[in-house]
Amino acid sequence: MAKDWYKEAVIYQIWPRSFKDGNGDGIGDLEGVLEKLDYIKSLGVTAIWFSPLYPSPQADYGYDIADYKNICPEYGDLELFKKVLDGAHERGMKVIMDLVVNHTSDEHPWFKESLKSKDNPYHDYYIWRRGKGKRPPNNWLSMFEGGAWEYNKGLDEYYLHVFAKKQPDLNMDNPKVREEVKSIMDFWLSMGVDGFREDVITFISKQDGLPNGFPLPIATGIEHYKHGPHLLEYLTEFRKDTLEKHDCFMVGESPLTGAKDALELTSGKDKVLDMLISFDHMQADCFMTDTVAVPFSLNRMRKAFDTWQEKLYGKAWNALYLENHDHPRIISRYGNEKFRKESGKMLATMCYMQCGTPFIYQGQEIGMVNNNLSSLSEFKDVVTFNNEKLFKKFGFSEEQYLKIANKTSRENARTPVQWDSSAYGGFSTTEPWFSVNPNYTEINVEEAEKDPDSILNYYRKLLKVRQNSELFLYGAFKDLLPKDEKIYCYERTLGTEKALIICSFSDTMCTFRTPGDYDLEKGELLLCNYPDAPAKAHICALRPYEARVYYYPKEK
């Protein structure tokens, strides 16, 4: 298997608004990031991925970009960004930017120009269409808020927005738009940025003629743009014309994309992306979207992980993640807040001992959990508000929807990072833009640093074990108990080296029988998420959410 730096990387995602406030205005910023670079490095991180730092009206908190070649004044400026970039590089960490080119903000100069007339050159930067009588051009629904078309009376046309109405979709079929994208990439790569995470990149090509879609509660029409007819062509153009001139890394975000599509985009000498972020394993407690909750199923989660591990191995590369800015906190979802330490460590072991590049989201490493707000008025996100309207149509009361939002909203991942037990969790010296989880007095970085058994210190140990082993970096994966309803147990193999990874998803003691010819007595215990030594019998009892990693060295 070919080696590359991104395959051996550990990537830490910063959602800048909630990471650390360095200037005391209640909003996270680049000064705060600069202050915490040594902390990030101490985790074993080798690259930072920034969610959008660009100027934005914040309708979707930075994913609605008003200027691709600048820094949002709330976060700093280009000079400060360069300090952070240089500081990261001095510490041996690379920097990856979020690239959002499926859409812009409606406050971007291009869109403002497109509104002036149908003859304006920028009008064709976006997807404008005449309506069908008094109806939109087709029946597509947006991901975020109602219909996917917004009417402009002055032009007597509709523009397409697959996401919020303040996020008009770019017309990637226009060669001038693709040249703009290449110019944006070159701007940041020439500055020294090491790559991009490309937001919903598989949505950029729409089906010719924009036909009606199959009726769904949300995202009607997605079959006509989630892997459009010119996707491979346009990504190839970006790679050959711009990206290949730089030693850079490209990871694509791709909702509703399976392993087969991933292989097309990320394998072979003509690959257009280095890896793809899959959502499949995040469907183990929901239907289609996090908001439609169902009971957690270990088998659904396992099947997703197994499929991507087995189908990509030796052909492409996996992105391993459990949390990001678009999902609730993982301990509150797949773990157990009553067993916060144990389940937080177990989930990290389960995910990051697999083959692929770990992505860690801010606060995940200290075991932050969901935040229960007392009123819908405390929420901030356009998705939460749209879902509220949707649930009300189905007869849900405000009180009922509040419970749903507290459990499933992506805003759970966007509360400020809890640094210490001082006011506002040490995030800021003034009231933050969004409420801090009240548990910050117990769950914070300062407390975790002092506790040898903390989730934070376990992450450091786990990542060190992983990074120091060719086996864990490049070894093959095999699920050893593919039907077990409580235990996820798999092996990693490389040559004659082996490792056995055991992860309990039970909140009670459960019986574990060693699979195959594995002998726990002969294995070296590299990791365990409990401080005291576990039993090594062939048949033993696993404690609630217990995780173990055994290593079997090369045969002499």
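Glu237 and Arg178 are both buried, meaning under 20% relative accessible area, where exposed is over 50% and partly exposed lies in between (1.4 Å probe, protein chains only). Their side chains meet in a salt bridge (2.8 Å, N to O). A salt bridge here is a side-chain nitrogen of Lys or Arg within 4 Å of a carboxyl oxygen of Asp or Glu. This is a predicted model: local features need pLDDT of at least 70, side-chain atom pairs count only at pLDDT 80 or more, and totals for chains, interfaces and linings use all residues. Residues are numbered from 1 along each chain as its sequence is written, and side-chain values use heavy atoms, with hydrogens and water left out.

**Salt bridges**

- The structure holds 39 salt bridges.
- Glu107 and Lys166 form one of them, at 3.1 Å, N to O. The pair links distant parts of the chain, 59 residues apart: Glu107 sits in the loop between β3 (94–99) and α4 (109–114), Lys166 in the loop between β6 (157–160) and α5 (175–191). Helices (H or I, at least four residues) and strands (E, at least two) are DSSP runs, numbered from the N terminus.
- Glu107 is partly exposed, with a relative accessible area of 35%. Lys166 is partly exposed too, at 26%.
- Arg414 and Asp326 meet at 3.3 Å, N to O. Arg414 lies in the loop between α12 (398–408) and α13 (445–450), and Asp326 in the loop between β12 and α9 (330–333), so the pair ties together parts 88 residues apart in sequence.
- Both Arg414 and Asp326 are buried. Shared partners join Asp60, Asp326, Asp381, Arg410 and Arg414 into one salt-bridge network.

**Strand β13**

- Strand β13 covers residues 357–361, and five of its five residues are buried.
- Thr357, Phe359 and Tyr361 are buried on one side, Pro358 and Ile360 on the other. In a regular strand the side chains alternate between the two faces of the sheet.
- Strand β1 (residues 11–14) pairs with β13 in the parallel sense over three bridges. Pairing requires at least two DSSP bridges between the strands. Gln13 has Tyr361 as its bridge partner in β13.
- Strand β12 (residues 319–321) also pairs with β13 in the parallel sense, over three bridges. Leu320 stands opposite Pro358.

**Surface charge**

- Asp124, Asp173, Asp208 and Glu233 gather in a patch of negative charge on the surface. Patch residues have over 30% relative accessible area and no salt bridge; like charges are joined within 9 Å, and nonpolar side chains (Val, Leu, Ile, Met, Phe, Trp, Tyr) within 5 Å.
- Glu233 is found in helix α6 (residues 231–241). Glu233 is partly exposed, with a relative accessible area of 43%.

Technical notes. Areas by Shrake-Rupley, 256 points an atom, 1.4 Å probe, with all protein chains shown as cover. Lys, Arg positive; Asp, Glu negative; His and termini not counted. Charge placed at Lys NZ, Arg CZ, Asp CG, Glu CD.
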